[in-house]
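The following paragraphs lead the reader through the structure shown here, from its aromatic pairs to its pockets and its confidence values.

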Amino acid sequence: MTLPYAQSDREDFHEIVRLVRPGSRVLDVGCGEGVLLDLLRREKSVDGRGIEISSDGVAACLARGLSVMQGDADRDLAEFPAEAFDYAILSQTLQAVRQPRKVLSDLLRLAERAIVSFPNFGHWRVRTSLVINGRMPETRALPDPWWATPNIHLCTLRDFTELCVDLDLRIEAAIALKATGPARIIDPLRPIENLRAEQALFLLSRTRHGAASLPKGDLFG
């Protein structure tokens, strides 16, 4: 997904860099031209790998000196062994894969934690555009017309949190993002956040002791 502001200035990239521990083993799924991997390498000294479906993206990554393979997240994550990474990152890519449930589950098979960001189709601008115009919305987070967008599985904040519960995933942190302005930590179980969050970023792990979800007060513990 192409956002209408410079990739190096993407707020989700800055938040991901903040969340990742120095020296971690990182897989960036749908890494594009390697901007995020390059940031993580320079700022957190990670041992980074990438997977990217576009040959042009792979070439750009290799030109940066990054370790990237050409592949499809829907099919090729099975090539990686379990627990091979500390973090698996899916930044603004979940909505473009064919099997988001499978991809999300695969991320937590091959990494201790997953970091996932996506545009929130429940944001008030999207709802307003649908009500007023009666057409698929075009917003800052969803800039492409319906006939040109790579997105095939758009979801809301509520949809995503319910999928996390269904997959027995622990939400360690949730952050609301927008094209301009600072990020903010949110409780994704609050209905108001489904209206307010233009984009969302989640830090996920497997649940402990078989618990499917956590009380709201423990979401960020």
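Phe80 counts as buried, at 13% relative accessibility; the term means under 20% relative accessible area, with exposed set at over 50% and partly exposed in between (1.4 Å probe, protein chains only). Phe85 counts as buried as well, at 8% relative accessibility. Phe80 and Phe85 form an edge-to-face aromatic pair, with 5.8 Å from centre to centre and 65° between the planes. Rings of Phe, Tyr and Trp (its six-membered ring) pair if their centres lie within 6.5 Å, and planes under 30 degrees apart count as stacked, over 60 as edge-to-face and the rest as tilted.

This is a predicted model, in which local features need pLDDT of at least 70 and side-chain atom pairs count only at pLDDT 80 or more, while totals for chains, interfaces and linings use all residues. Residues are numbered from 1 along each chain as its sequence is written, and side-chain values use heavy atoms, with hydrogens and water left out.

The structure holds four aromatic pairs. One of them joins Phe160 and Phe202 in a tilted arrangement, 4.7 Å centre to centre with 55° between the planes. Because Phe160 lies in helix α7 (residues 157-166) and Phe202 in strand β8, this pair ties together parts that are 42 residues apart in sequence. Helices (H or I, at least four residues) and strands (E, at least two) are DSSP runs, numbered from the N terminus. Phe160 is buried at 2% relative accessibility, and Phe202 is buried at 0%. Ring pairs link Phe118, Phe160 and Phe202 into a cluster.

Strand β8 also takes part in the surroundings of helix α1. Seven of the nine residues of α1 (residues 11-19) are buried, so this helix is largely enclosed by the rest of the structure. The buried residues are Glu11, Asp12, Phe13, Glu15, Ile16, Val17 and Leu19. They pack against α2 (35-44), β4 (85-91), β5 (111-119), β6 (169-177) and β8 (199-206), where a contact means heavy atoms within 4.5 Å.

The pockets come next. On a 1 Å grid over the protein atoms alone, a pocket is an open set of points where a 1.4 Å probe fits, with protein on both sides within 12 Å along at least five of seven lines; lining residues have an atom within 4 Å of a point. The largest pocket has a volume of about 610 Å³, a volume being the space filled by probe spheres set on the points. It is lined by 31 residues, of which Gly30, Cys31, Gly32, Glu52 and Thr93 lie nearest its centre. Two or more lining residues come from each of β1 (25-29), α2, β2 (47-52), α3 (55-63) and α4 (73-76). The lining comprises 12 nonpolar, 11 polar and eight charged residues.

The second largest pocket holds about 180 Å³ of space. Its lining includes His123, Trp124, Arg125, Arg140 and Glu198. The elements that give two or more residues to this lining are α6 (124-133) and β6.

Confidence is expressed as pLDDT, the predictor's confidence in each residue from 0 to 100. The mean pLDDT of the protein is 87, and 90% of its residues reach 70 or more. Residues 1-6 stay under 50, and the model has 19 contacts for them beyond four places in sequence. Over residues 209-221 the pLDDT is likewise below 50, and this stretch has 24 contacts beyond near neighbours in sequence.

Notes: Nonpolar A, V, L, I, M, F, W, Y, C, P; charged D, E, K, R; others polar.
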